[in-house]
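Biologist: Hi! Could you walk me through this one while I have the viewer open?

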Amino acid sequence: MEWREYAEQMALLARNLLAQDSVQATLDEIAASAVKLVDGCDAAGILAVRKGRAVTLAACGDMVQECDRLQGELGEGPCFDLARKKDGERLYRIPDLTRPEPAWERFATQARELGIGSMTGVLLYTSDEDFGALNLYSRRPGAFGQDIETAGWLLASHAAVALADARTIDQLEHALETRHAIGEAMGMLMERHRLSQDEAFDVLRRISQHHNVKLRDVAQRVRDGHSDQK
């Protein structure tokens with residue numbers, strides 16, 4: 001992609017991100033945009049690590065969550081190394097994951113099994129034992145050159161601003177859990193009462209407003225009721 005065209009795409013991205021109505025929606029859009037805008041990028045995600053526990057804040061592509069889980073379980077990988085460095089380096093690039101990676105032997109072996117050929121990423125922030133990173137993945141080796149790193153920096157800057165708007169990682173984790181609970185409850189209502197997605201959400205919203213109960217709590221009650229009926 002020509003840089004002029006890429007600059008135009010980034011301007012459109014900035015407008016799209018400003019139009020999002022939540023931090024989570026912004027992070028999801030950044031991950032999806034990385035796949036659309038970066039040549040060779042098959043998947044992208046935003047990883048946060050809090051006290052050694054990996055949390056996928058946004059994912060576009062099947063391999064993202066598995067790769068994040070690997071780094072968290074093993075406590076090793078490019079994101080962990082980048083966060084531990086004291087020299088201010090904030091970007092990593094693994095040109096060819098089909099070759100041995102002595103620095104992260106266990107991680108690299110299992111990442112190859114996921115079908116990852118090359119990776120690049122940018123550290124978004126560090127705070128004591130906590131950090132966040134934007135990661136881009138390709139199924140083929142050699143996908144990410146130095147010009148692609150510039151694209152990664154531009155996307156990462158948007159992600160860093162979005163994360164700065166969230167007070168804590170706990171807030172984002174809570175939002176993810178809430179979204180999952182509401183989605184499950186909507187699915188149960190749709191199946192049980194043959195409702196559309198919009199109708200199911202409207203049922204939850206009306207109950208929440210009528211009883212002055214948080215939407216997540218309403219969703220949890222629906223899920224609990226469904227379990228009791230089994």
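Biologist: Let's start with V122. Which residue is its bridge partner in β5?
Modeller: The partner of V122 in β5 is L134. Strands here are DSSP runs of E, at least two residues long, helices are runs of H or I of at least four, and both are numbered from the N terminus. This is a predicted model, where local features need pLDDT of at least 70, side-chain atom pairs count only at pLDDT 80 or more, and totals for chains, interfaces and linings use all residues. Residues are numbered from 1 along each chain as its sequence is written, and side-chain values use heavy atoms, with hydrogens and water left out.

Biologist: Thanks. How many bridges hold β4 and β5 together, and in which sense do they pair?
Modeller: Strand β4, residues 118-127, and strand β5, residues 130-138, are antiparallel and joined by nine bridges. Two strands count as a pair if DSSP finds at least two bridges between them. Another pair to look for is S127 with D130 in β5.

Biologist: And what about β1 and β5, how many bridges there?
Modeller: Seven bridges, with the two strands running antiparallel. You can find A43 opposite Y137 of β5.

Biologist: What is the strand order in the sheet?
Modeller: The sheet is open, with five strands in the order β2-β1-β5-β4-β3 and antiparallel pairing. The edges are β2 (53-60) and β3 (91-94); each has a single partner strand, so one side of each has no neighbour in the sheet. On average, neighbouring strands are turned by 20 degrees against each other, direction ignored. Such angles are taken between axes fitted as lines to C-alpha atoms, for helices over the stretch in contact, and they run from 0 to 180 degrees between N-to-C directions.

Biologist: Which helix lies across β1, β2, β4 and β5?
Modeller: That's α3, residues 63-74, and it runs at about 165 degrees to β2.

Biologist: Back to β5: is it buried or exposed?
Modeller: Nine of its nine residues are buried, so β5 is largely enclosed by the rest of the structure. Buried means under 20% relative accessible area, exposed over 50%, and partly exposed in between, using a 1.4 Å probe and protein chains only. Both faces are covered: one side has D130, G132, L134, L136 and S138, and the other has F131, A133, N135 and Y137.

Biologist: Why two sets like that?
Modeller: Because side chains in a regular strand alternate between the two faces of the sheet.

Biologist: Which residues touch the most other members of the largest nonpolar core?
Modeller: L27, V38, I46, L134 and L136, in a core of 30 residues. A nonpolar core is a set of buried Ala, Val, Leu, Ile, Met, Phe, Trp, Tyr and Cys residues joined through side-chain atoms within 4.5 Å. Helix α6 gives the most to this core, with seven residues. Apart from it lies another core, of 24 residues, including C67, F80, F131 and Y137.

Biologist: What does L136 contact?
Modeller: Leaving aside neighbours within four places in sequence, L136 contacts A34, V38, C41, A43, A44, S118, M119, T120 and F144. Contact means heavy atoms within 4.5 Å.
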